[in-house]
Structures are given as structure tokens and as C-alpha cells.
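Hello,

Here is the structure for you to look at. My notes follow below it.

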Amino acid sequence: MTKGKAGKAVKITLIVLFALIVLVCGGGYAYYFSITRSPLPQVDGELKAQGLKERVEVIRDSYGIPHIYAKNLSDLFFAQGYVQAQDRWWQMEFFRKTCGGRIEELTGKKAALVKSDIYLRSLGLYRVVEQEYSSYAPDQRAVLEAFAKGVNAYISGRSPRQLSVNYSILGLTGVTFRVEPWTPLDSLVFSKLLAWDLGLSRDLELVRSKLYDRLGAEMAEQWLVPAWPLGRKLTILSDEDIKKTFTTSLNPYKHDANHPVYAGNQANDVSSTDRKLLRREPLAMTSSIDDPAADLSLIIGQTEGTGSNSWVAAGGLMQGGKPLLANDPHLGIQQPSIWYQVALHCPDDGSGRPFDVAGFSVASSPGVVVGHNSDIAWGVTNVYPDVNDQYRIKINPTNPLQYEWNGKWRDMTVRDETISFGDGKPSVAIKVRRTHLGPIINDHRYDQKSGEMSGYNNKDPLALHWTALEPGSIALAVFGLNKAKNWNDFRAALQYWDTPSQSVIYADRQGNIGYQMPGRIPIRVKNHTGQVPTPGWTDEYEWKGYVPYDLLPRLYNPARNYIVAANQEVAPPDYFAMLNKKLGPNVNAHFGSKFNKWVYGYRSQRIDELVKQFAPNTVATYQTMQGDSKSIPADEILPALANLKFSDPALSDARDWLLQWDRFSGEDSSQAALFNGFIMRLMKNTFQAKLEGIAKSDGVDKELWAVTLLMQKPDDPWWDDPTTKDKRETRDEVLVRSFEEGYAATVAALGKDRSRWKWGVLHKATFVSNPLGASGIGPIESLVNRGPVPTGGSTECVNNNMWYASNGNFSVRLIPSMRMIVDLGDFDKSVAVNSTGNSGHPGSPGYGNQILPWARVQYHPMLWSRQQVEARASHRLFLNP
């Protein structure tokens, strides 16, 4: 997050700073001590928790990670809610207000946040999860209800200042708070925000339309979605995997075909549709429409390039033969981490079997999202199917609450929403219009300068059809994974994982490994790619259902004994040909790189190399792999510098020195500093002038690959600088200019002595806590933020500490948000590290006690057995009925 932008969002007045100075000068230390210590929870001794059935024991290790032991499932999830509220209440509160479009109830009215609240209210996420929750059976609701009761047992009777320092400081600005009870809907809604973060936030439909208008389709696509390197980089599933998996039975177990996610969406439903071939999808005339989506980077960090690493290996590749599974999800940097490490133990899961699971949850939800139980382990990485479309709507000129559909006027539904502000400023009332395709998302445009807001947009309204705006069941998938005992249980659980779609890797104690991609993947009509805003006045472009679960990519025990899923293309062309053949001739279910942004295979290529190179693998070799900082993009781009002619001998010498680099972007690497300085200028000089006003060139994977492809075309129009009207630049001119500028910037930052350059001096991670951490006031930011800390790695290294060229510096913006390695041969040998700490309280030692180990790619034991937990116990709390 850029401090300038974020500071506008949550700027605290100078009056407050003055008040704090006064407090510090007159007994202020006592006040500081009070507001930072009051929220710290009791972690030892005995507590009464109304709602429990039996006594629960919570053992915390030295990192503050809780290991919860209960005698029944209801008490177990009650205690999880209680403990996560103890440690992360403010994060839970902030995220639920964000999802509900109620951020300014916490911050007071902020011009930069009004648009976000309007947009999120328009989506109506709580309306969706209310339908979701209503569809659950009583036993499925029980976990969510127990968790909510535990949260409420903790927060009830406590004042805001006893819950978080954020309330105390924000209260000085005139914001008043009413802490509302937690509900199961608050737990469910977070998955919608995560789906936005991992998918919708990178939707390019409007950007694509504008670039087509400016550059033409062919040139625009070279930057938007350059051709994926099939044949040069490995897909998750190979051609051999496709033949093995999809020529055998497609239904190895009986899944719930009547579940709402899949009912009515089987292949024969689509193939029987007798429709003529559609003409080529028309380019929407949308180049003048501003993107209505909220900029949530102010809240959850920047998301471009969001991805993850995961891999699993077994058999002869392992020392001892049993699998090892690794996972490190890459998300926007924040404080505290999105992940909360926890272990849950109960003697009966409801069927007479023990329930034991350990790993990482999200603070607002019960269960474990990634981790292991007594039998299996799993990890997740993002996939990038296009699961939303923006539809252009025609409004009835005589009735703004009607829209055209198949030649007739159709009524919209209208929902009243009131946006309130915690500082007492007058509330804002809006009416959200909704079509059967989805809500209108560009009504009520807000002018930050004037404070004025338009009403209905009847000129160019857009309706959003997005899978996350349909009732889902991802919570049931998480509960199912926590209980799964084998591959069939694992797949049965994942049929409920609808959005956000993920790659999920698998291993079990018997030595089996596997992969499944779950999710709601739309089936569109032929010639409708979903890449630009689409006519929404006819059923010609309506979705025809979803790809059946049994046709989604999966893999079990490949002969090669390993699987790598690091956001690369999921399957080769043969898979998509098979898929469309099974679904019928008049549909398009292609969600591959032709239509979607997959990461371009840099990290997966490196992991693939290392899994084989380090065999037989151990936990230690996996640790080395997660910390690997070799830059595959450097391997592909640097050869183009070899024959350049520089007028300054010092530049020629620097170039030759850089070409001798081993390509490892370690914290102490001097050549990594120069390479990345060159890349920053190359992105600006090649792309940014042509994107200006529409998009940003961040230097992420697609642009690194795009520029690699452009190296083969020295006279391509992308090399030309549009600001020099009387000249047409070529590749070598841009490369020379970029190297000169990159070298000069590196000298300016680090001095002339190259031997003293260190990449980590430029490449640092600062963990920002919202909203106070972006206030622009040093003492407050120092209280709640942590860092900066030097880091190694770089964009598209396995140690993927990403920076964005558009920011003009190398500050880390997206990180491996946690790292986990699970040993299926002995769970007690598993290891992990979070990016911050388990606590969300700045006054707690657990607030940032994992930052330095994370930066150095160090780990702590992922405690499992009771004996191991007892040996490392630091705190013991008993919760009593």
C-alpha cells in the first residue's frame, strides 16, 4: 500500500496528534501503557466462559500458538472462537465491516473510503451469505454457531478499549463505537472478500476495452495476456496426466449431484442445447466507462501478482519414501498476517473418531483452512479462471427501475442501504438496483473533491455476474477437509469448495499424493470469452451452467512421484479440447491461458528443478526450496544486454559485471540491486507511456514474460516511445536507456562502490496495520506497524517477495504470507512460520515475533503430539462452563 494513498483514506487530524503530545508530556506514558496493555487477553489460569458444556484446555507455546483440547466438537469450536477473538478481535471487526461496506463506521467519514463502502454495499455480500447460511442443514450450522458463541463469550462485557488499541486511538478523533455481537454470517462473509482479493480485484474487462481502443486488440493482448509458454514451462497436469485421469472412470465416488453448486449443470444439460453458432463477441463500446470497483489495496494491500507455491513429493524422491507437502500462499503484506495458526483436538468428531487438525485458519472463521489432520495434509494455491462478467444494461428511459431483456422491459429489485459514519457526520442513503444478472455496480458515483454523489447511472450501467454473489458452501468444504481420512474423502469435501477456486494439493500417511482444482467455473456460449463487457439485454450471452466437478482438473499418484502447483497454467490444450468436446459444440468452457491470466511458470519451473535436484528430499531441502531466490526472469532477459553498445565505458563494465551474476537475489546480493533497477526502468520505458491513464506497469510475471517475447521483435511498436513524435525507438535503444537509468538510480541509492551494494537495503518489508498504520503520523504508525526488515527474494523467485515498478521503489508489497512444510512420515517433524505473529495486539510479544524468522526463512516446529505440545508449553488456560 502506498503511504500517500492510504494516508488519505485514514488520515488522523492534527488535533489528535496534539492531544497525544499533551498526553505524553503529562502522564502520557501511563495512558500509553493502559491502551496497549488493557486489550491483552488472559492466557493462564482459569476463566469462566458462558456457553461451554465442559472444561476446555488451551495450551499456548512460546509463539503464542494455541493448542485447544476439548471433549466435544461444540466446545472445541466455541473455544476456537473465544481464543481467536482474544488474539485477533480488531482484525475480525475490521474485515466484517469491510465486507459489509461499513468501513467508515470505524474510521469516520473519509473521502477515499466512501467509494469503497458504496461499491461493497452494491455487491450485497451479507445478503448472499444469509442465503448461504439458510441453505445449511442444522448440523452444518452447528460449527458456525458454536464459533460465534465463543467469540461473543469473549467480547461481551468488554468495552471497546479493552478489546483493541485501535478503538482507543480512533476514539480520539470523535468516532464512537458499538461492538455488535458476532454472527455466523460474519464468519461466512470473509470468503467473499478473499474471493475478491484472489480474483475479481484483477478483472481486466474495462481495461481491455480501453486498451483495444487505444492500441488495437493485437498489441494490447501482448501486454494483457501474452502467449503462455506451453512447451517451455510445465503445466500442473501433463498430457500424460490428462490421458490417465480422464480416460478412466469420471465418478470414482458418489458425490452430491443435487448440491446447489452442481445441480442442473451436468455436461448433457449443455450439450443438448440446440443453438446456432454465435458471431464473434462484439467489442463493447466501454472505453469511456470508469472502473467502478473499489480500490481495496488501501485495506488488504496490493494484490497484482497474488499467487502461491505448493508442491508435494513421495516415493523415491523422498528420504524414507513418505510424502512431504509444502505450501506458502502469497498475499498482500499486512499486520497482522491474514493467517492464524491453531491446533484443534477432540476425542470424538461426531462419528466416534478422534478429531485432530493443525495448521492455519483465518481469524474470522472456524476450522483449519490449510494444514493436516491425523491422516492427510493439504495446501492451496490460487488459480485464475474468469468467474465474472460485466454486462452492459439498457435502462427503460421512462422507468429507471426497468431494464431490457429479450425485447421486453423487466423489473429490477431495489434495496435501500444507509452508509453511516462513526464520527457522526450525516449518513448517506443509496438505492441498489439489481438485475437477474447481478447488481448494478456503477451507480452512485462519488466525487471526492466536491463530496457530491450522483444517483442512478442510466447512461452506461454495468451489472456484475460473479460466482461469489451466488450462495456457496466453502465453509462445508473446510469442515470436510478437516475430517477427511483419504483421497475420496478429500475429493468429496472439495466438491463444496466453490469460490475462490484454488489448486489444492494432497498427501496422506499411506504415501499417496494428489491434486484437485475445485470451484464454480462458468460455461459460456461459444464465441463469448468474457474478456470485455458484454451485451446484457439478451440471453445470447448468459452463462449455461458450471463445469461439472468430475471434469475439473485432478491428479492422483502420478508416475513422476511429485506435483507442483505454483499458479502456472493448470493443464495443456488437450484437456480443454476434451472438456469442450464433453460439454458440447456450442459452448465455451475454456478457462486456460488463452482467456485468463495464469502466472507464467517461473516459480513452478524452479521448484520442478529443485525437487529432482535435491532428491532424496527432507524437511531441510524443502526449507531451502522455499527460500530459493534464483531469478528465472533474469536468465531469460539478461542475454539481450550482451551486445549492447554504450558510450560510457563505466556502463559497459557494469553490464559485463551484471552478466556474471549467478541470478540469486539474496539479501546481500549486489548484482540483484542493479538488475532490479534495470527492470524497473525497462517496465516504465517499454509499457507505462502506452498504458498511462488506463493501467500500471508493475513488472509482474506477465510483463516479464511479455518483454522476453518482445526481445525477439526489435522493431515491435511496444518499443516505440509515444512521447517522441519525430522518432521511432527500437529494442536496443530502450534497453540502453533503461540500463543507463537503472544504473544511475542504483548508484544514487547505494553509492559508487558496487562491492558495498546490497539488495536488502532497497528491498524491505514493512507490515502495515489498518487503519492506524497508514495514518501518516509517525508515533502512531510506530505503535502498530512493524519493520522495515531487509528481505531477499524478488518478483517470481520461489521466495516471492514482490515489489511493484509503478510504486517507484523496491518496497515489498506482496509476500509469502506463511510457510508450512508437513512431514507425512512424522507429523512432529513438520515446521511452519507465519509472516508476523499470532497476536493482533501491538502490546503483545506475539504481535511480530515471527517477522525476523520469516524474513530469514527460518521455522518453528508445527507442534502436533500431546507430548510435543507439553514439552513446549508456555501458557495454560482453562475455560470453564
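The chain's accessible surface is about 31,400 Å², and 51% of that belongs to carbon and sulfur atoms. Accessible areas come from the Shrake-Rupley method with a 1.4 Å probe; for residues, only the protein chains shown count as cover.

This is a predicted model: local features need pLDDT of at least 70, side-chain atom pairs count only at pLDDT 80 or more, and totals for chains, interfaces and linings use all residues. Residues are numbered from 1 along each chain as its sequence is written, and side-chain values use heavy atoms, with hydrogens and water left out.

Of 881 residues, 63% are buried (under 20% relative accessible area, 1.4 Å probe, protein chains only). The chain has 30 helices and 31 strands (DSSP runs numbered from the N terminus: H or I, at least four residues; E, at least two). Among contacts (heavy atoms within 4.5 Å) with a separation of 6 or more, 74% join residues 24 or more positions apart.

The axes of α23 (residues 649–659) and α24 (residues 670–691) come within 10 Å and cross at roughly 115°. Axes are lines fitted to C-alpha atoms over the stretch in contact, with angles from 0 to 180 degrees between N-to-C directions. The two helices are therefore roughly perpendicular (65 to 115 degrees).

Ala654, Trp657 and Leu658 of α23 meet Ser670, Gln671, Leu674 and Phe675 of α24. That contact has five nonpolar, two polar and no charged residues.

Gln688 also sits in α24. Gln688 counts as buried because its relative accessibility is 14%. Beyond neighbours within four places in sequence, Gln688 contacts Met683, Ala695, Lys696 and Ser697.

Best wishes

Key
Parallel < 35°, antiparallel > 145°, perpendicular 65-115°, else oblique. Nonpolar A, V, L, I, M, F, W, Y, C, P; charged D, E, K, R; others polar. Buried < 20%, exposed > 50% of the residue type's maximum accessible area, 1.4 Å probe, protein only.
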